[in-house]
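Q: Please take a close look at one stretch of this chain. Then set it against the rest of the model.

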Amino acid sequence: MCGIVGYTGFREAYPILIEGLSMLEYRGYDSAGIAMINDQGLSVHKDKGKVDHLRSITNQICQGGPKIGIAHTRWATHGAPSLINSHPHCDQNNKIALVHNGIIENYARLKDKLIDDGIRFSSETDSEVLAQLIGIYYEDDLEMAVRRALLEVVGTFGIAVVAHDNPTEIIGARKGSPLVVGVGENEMLIASDASAIVRHTKKVIYLKDNNIIKLRPDQYSVTTLDNHKINAEIHNIEWDADSLAKGGFEHFMLKEIFEQPETIENAMRGRLLISEGTSRLDGLNLVLQELRGIQRIIFVACGTSWHAALVGEFMIEDIAGIPVEVEYASEFRYRNPIIDSHTLVFVISQSGETADTLAALREASHKGATVLGICNVVGSTIARETHGGVYLHAGPEIGVASTKAFTSQLTVLSLLTLLLGRMRRISHSDGVTIATALSKIPEKVRQILKQNDHIRSIAEIYAKHNNFLYLGRSYNFPVALEGALKLKEISYVHAEGYPAAEMKHGPIALIDKDMPSVILALKDAVYDKVISNIQEVNARGGSVIAIASEGDTNIQKYARHVIYIPETIAMLSPLLAVIPLQLLAYHIAAIRGCEIDQPRNLAKSVTVE
Ligand code: F6R
């Protein structure tokens, strides 16, 4: 999950590397480091802490220098965050420096052998094993040394390597951890994602697994690990650097919450066919007859994407009548799932790089399934390995807590439901009703966002509480899970999401005056049932914050606080109901003084198992 950036070209490398690291900090932020090549050889600076700390200790010494370097921001796997465990790592003779994202699974065995051979290690990391191996093999051909070393390791890697006596060349390689190369005019960049590159060039190459790239300022060459030449395709990044700025908001998360009217609109643009009461999803690469033949759908995802999948299950079963199963990718990959020729598998992932989801995709492909993706990051590994799919077009999501990607996923799932539903169960006029309701969602989200101050005032009342319950039923049960996840991720407050009625089978024991319940109580088929659940909470001294439908004055009798949202059809209500929960979590975390965009222990893209 770490962030990697490298530069070779005609400009000073240091500012480009430091700025690149700041863009990648969402991938990991417990330590950071930089290696450049100057007249004396390798110059390496690193420490525990964030990129700003690295900047403060290197600003004076690194300016005005080399035109080549590699840098890293870490999310610890092997070895605690510390100076010695920070990257870059060098071999014992300081011949090469390496930055690594991924896990070397056979590092312990390799390390023992290298120690027996007299190699001195200076860190507890798995990555240093790779650095030592490359150092052993390096004489004057860095690419060859990297290739030899990589053939000995088992695991995943995205790496960039430089050598002390080669002030123009960077070698990059990937297997399981993303790497993208920026192709500029007389300069090349390499990074774990395009956000560190886009300010300098929009021309990129997405490296594939088992590819090695040799970069010099004016040329590159790509080969496979077993040394076959590859003609790498150059892609154009379609978004620009401005979308990576906070745009006047205090945090990326808040900016991304407020972007949702536009991102939802973008997810349906050109796809929603209102007058035909259906949608058009060309990227699925399936002809309508193939879609008609589907008898079962499996959604596979993790975290917030898994919550979106749960909503998708309810939608598709309800409207299209196709049985759906929702699987945690991490479980699916180690089970022996039954996938017949009428089963369609969808993997859902914002980043398109989540290791468990990727492994599940591969497992389903091995079983011969057609696997489609719902992804945000264009060119990501999942997007490339699926047989087809739908992009979210939500733009880069920087805040670690996923917000706009979730509502874009729900939008795409609504479009999919519409498409499948019209083929099977619902009439043209029902299709038009759903499509029209969907087209109105962005404006309704805008209305909810206007209540930001009201939601903040509720957050002020509850910010000191340490336990919350989130309850919802039917379509809004997954929203309760998502609301609880948002709160725990960014404010470190314990929160449990539950189906409202399930509460009485256990969690009700927790309720007292110190445990507020956030309850989704919309005017839908389960409204009366949810009111009963609210009364159960009240009877035990708990206080209730209700998310309710506009115009429902009755709810005020039962809930201590009410946040109203505009009405829509039941299947689309999660798109609206989640917005106040995102804001509530945001404000509670802000009031508690938490690091909202970079919560402790988390990383944006979970590329380890
Ligand atoms: C929660 C969150 C995570 C991700 C999960 C899957 O806010 O961001 O739970 O949803 O790690 O990530 P993707 O969607 O990138 O596969």
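A: Tyr492 takes a positive phi of about 60°, and this residue comes just after α17. Helices (H or I, at least four residues) and strands (E, at least two) are DSSP runs, numbered from the N terminus. The model is predicted: local features need pLDDT of at least 70, side-chain atom pairs count only at pLDDT 80 or more, and totals for chains, interfaces and linings use all residues. Residues are numbered from 1 along each chain as its sequence is written, and side-chain values use heavy atoms, with hydrogens and water left out.

Start with the helix itself. α17 covers residues 477-491, 15 residues in total. From first C-alpha to last, α17 reaches 21 Å, close to the 21 Å expected at 1.5 Å a residue. That expected span is 1.5 Å times one less than the number of residues. Of the 15 residues of α17, 13 are buried, so the helix is largely enclosed by the rest of the structure. Buried means under 20% relative accessible area, exposed over 50%, and partly exposed in between (1.4 Å probe, protein chains only).

Now the other backbone features. Most residues other than glycine have a negative phi, and most peptide bonds are trans. Asn186 has a positive phi of about 60° although it is not a glycine. Asn186 sits in the loop between β9 (180-183) and β10 (188-191). Its relative accessibility is 46%, so Asn186 counts as partly exposed. Asn227, also not a glycine, has a positive phi of about 70°. The loop between β13 (219-224) and β14 (229-230) holds Asn227. At 47% relative accessibility, Asn227 counts as partly exposed. His87 and Pro88 are joined by a cis peptide bond, with omega at about 0°. Pro88 is in the loop between β4 (68-74) and β5 (89-90).

Next, the cysteines. Cys90 counts as buried because its relative accessibility is 15%. Cys594 is buried at 15% relative accessibility. The whole structure has zero disulfides (pairs of cysteine sulfur atoms within 2.5 Å).

Then the overall layout. The assignment gives domain 1 (2-242), domain 2 (245-439) and domain 3 (443-609); domain bounds come from an automatic or database domain assignment. The C-alpha centres of domain 1 and domain 3 are 42 Å apart.

Last, the largest pocket. Its volume is about 920 Å³. A pocket is an open set of points on a 1 Å grid over the protein atoms alone, where a 1.4 Å probe fits, with protein on both sides within 12 Å along at least five of seven lines; lining residues have an atom within 4 Å of a point. Points are joined across faces, edges and corners, and the volume is the space filled by probe spheres set on them. The lining has 45 residues, and Tyr206, Val377, Val378, Gly379 and Ser380 lie nearest the centre. β11 (203-206) and β15 (235-236) are the elements that give two or more residues to this lining. Domain 1 and domain 2 both contribute lining residues, so the largest pocket lies between them.
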